[in-house]
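Here are some friendly notes to read alongside the model. Please keep the viewer open as you go through the points.

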Amino acid sequence: PSPVSPGLMWLQQGEGGGSLRHTCEQGDGLSRYGWLMHDGENFGVQEIHDGGLFLKTEFVKRPGGEHGGDWSWRVTARMEGTGGPAPLLSLFFYVATDGQGTLEPHLENKSRLAAVTGTSEELGDFTLTFLRPTAENGEDPKYASYNYLDAASPGLHRLTEVVRSSLSNRFVFAPPGKPRRRFFAVDTFRGLPGAVGEPPRGRLLLHQVTLEPSGTVEVTFESGSVADRPGRLAGGALSAALAQHTAAFEQRFEETFGLGRKGFPASQRRFAQAALSDMLGGMGYFHGRSLVQSPLQEHPVPAPEAALFTAVPSRSFFPRGFLWDEGFHQLLLARWDPALSREVIAHWLDLMNAEGWIPREQILGEEARAKVPPEFLLQHSETANPPTLLLALQRLLPDAPLPYLRRLFPRLRAWYDWYNRTQAGPLPLTFRWRGRDPHPERFLNPKTLASGLDDYPRASHPSPDERHLDLRCWMALASRVLGEVAERLGEPSGPYREMEQALSDNRLLEQLHWAQELGAFADYGNHSSAVGLRWQRVVPAAPGRPPPDPQLVREVREAPRPRFVGALGYVSLFPLLLQLLRPDSPRLPTVLATMRNERQLWTPFGLRSLARDSPLYMQRNTQHDPPYWRGPVWVNINYLALRALHGYASANGPQREQAAELYRELRHNLVANLYRQYTESGFLWEQYSDSTGRGQGCHPFAGWSALVVLVMAEDY
């Protein structure tokens, strides 16, 4: 909760100081960055391309002692493809406390921070040493200028501001026999504006190395409780450790996913390694309080303090935990490191309140809060999110230790009961997502954030009479998994198995959700298909004042009535996606034909989220709200589709061959496009255009888009 945090910033020196880089920001416009290898524990290799600058960061942890052991980091910098003298590069290595722990600087020549000794609750005594830079070969010394900052820290989320406000260009880089150059360096920190009188949260010590690339800098962390250290983990010893870990990672990756055996070339295997590694490298530990609005209270209240160890969808744009994303993340991580995955799932279930509710978005602590617009901070305690963690738990179940399952089971039961109690629909065995947008007149179709499919078209006029198909399918899956866990523990499984059977009953499913006029499964609710957005002039607030800008408002041209919702897309596929349709279902041929129809869901890049002939296909939801789940290709749902097709292709049924053919084509299209976009852009993306295949939305998105690794491995 109150860590000692080391980190790196960098600055390419230029007129006006250049751009200080620190936290992953999409707006920085880096051409590519990400972990190429990361084992989630002891080793990682990351490459960063920032304009003409290439940075490689590598780390190795060496276990030992009572506090986690030693840790070493190497940063290699070089300029690529630039004529003329290389701009100076400053690397800022820092260590900061945040609420507890002590740091002591050790200086050479008054300006070079050679080492920091310190102590903290978790780490005990430690020494952090900043070695002098060398040429890229790691041997020859490299000329550098050194600067040092010792400042009170206003909190980890403000360290970039502290460093930026401390920079001055009064310093001169003067290598022997070469031209002298001015550069920006940390000087004196005089406090941040608006922070006068605030007590400091900790201490920041920073070591600035300014050099002419190329060059290499190493940092070692040595734990005071390591007794028989074989020598410092630096130079040749670090190179040897990195080579050893690289070989071990590649061997473990092949043993786990078998892409070499499947005939994937080295370049595609490296792509898959990077997808897994970037998910592992983006994992974080968060601590703080959610801000919760409950129907029982008039004003929002902070929830109890919570801790969360989790993967995140995107290091730049969504660097925090999202409930339904995490289930998809853990499908992949459960294959790589089941113990790590079990720990993450346990963390998430520990966030549950007394009623059994888990907030769908985890904005814990100031660092997380700093990346979220204020209107999204509030979590509503009646809003659910798909229980995808159960998909991952189902995968872990055969080998999960019984004591672990025994601790999990009361929480799983409470969570399941909460869904049944709070998300029940208007008829028995129906379900309805709560928390749809309460102001329908502002939206073409009011959003359903709870479902995870935000703006996917639902009934045009939200009402208690809605029946949501996807939620009903999720509840069938939940019943199945709860039954399986109960049986492993020797607990009564009857109620779960009965519910699973009722929700999997194809006849009842058709009765409640098959829309004969649409030839598809669908939601049901108070719906009008004749809605549109039109510009409306706004009356001035007072006579003589200029009129405000016109607004886009919803126009309903035909009154809504209770009926099935005509929106063919991902929701329509849920009975197939979660394999509730029997292999001999008379509806299966129609669902498969819909998937393969290019006017509807099929594209050369994967299945699109909403049929091209659907009324709201690629339609904006408001003036400022572009289409999100209304056409683009999303990897998580395509993964579920492939998983289902793989299942139907291996089950006895009349559609076996059709499912197998669709499976082969869809898998090829998805993998080929994600690899092509990664090669061209350097990133995995949040979603992909259904017309061009181009990556779009935020990047890097090594969240559920990294499921491409399991697709390549055919591991479902």
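**Notes on the predicted model**

1. Over residues 236-714, the chain is 41% helix and 10% strand, with the end C-alpha atoms 40 Å apart. Helices (H or I, at least four residues) and strands (E, at least two) are DSSP runs, numbered from the N terminus. UniProt, in an unreviewed entry, places "domain: Glycosyl hydrolase family 63 C-terminal" at residues 236-714; such annotations may be inferred rather than shown by experiment, feature names are shortened, and positions follow the numbering used here.

2. A word on the basis. Residues are numbered from 1 along each chain as its sequence is written, and side-chain values use heavy atoms, with hydrogens and water left out. This is a predicted model, in which local features need pLDDT of at least 70 and side-chain atom pairs count only at pLDDT 80 or more, while totals for chains, interfaces and linings use all residues.

3. The largest nonpolar core has 193 residues, and Phe93 and Phe257 have the most contacts inside it. Helix α9 (residues 469-489) gives the most to this core, with 13 residues. A second, separate core has 19 residues, including Phe92, Leu149, Phe189 and Leu206. A core here is a set of buried Ala, Val, Leu, Ile, Met, Phe, Trp, Tyr and Cys residues joined through side-chain atoms within 4.5 Å; buried means under 20% relative accessible area, exposed over 50%, and partly exposed in between (1.4 Å probe, protein chains only).

4. Leaving aside residues up to four places away in sequence, Phe93 touches several residues, among them Trp73, Phe130, Leu206 and His207 (contact means heavy atoms within 4.5 Å).

5. The whole structure holds 40 aromatic pairs. Rings of Phe, Tyr and Trp (its six-membered ring) pair if their centres lie within 6.5 Å; planes under 30 degrees apart count as stacked, over 60 as edge-to-face and the rest as tilted. Phe271 and Tyr678 form a tilted pair, 5.1 Å centre to centre with 50° between the planes. Phe271 lies in helix α3 (residues 266-281) and Tyr678 in helix α15 (residues 656-681), 407 residues apart. Phe271 counts as buried because its relative accessibility is 1%.

6. Which residues do ring pairs link into a cluster? They are Trp324, Phe328, Tyr570, Tyr628, Trp629, Trp634, Phe701 and Trp704. Both Trp324 and Trp629 are buried.

7. Finally, two charges over rings: Arg32 lies over the face of Tyr678, at 5.7 Å from the ring centre, and the charged end of Arg467 sits over the ring of Tyr524, 4.1 Å from its centre. The criterion is NZ of Lys or CZ of Arg within 6 Å of the ring centre and within 35 degrees of the ring normal.
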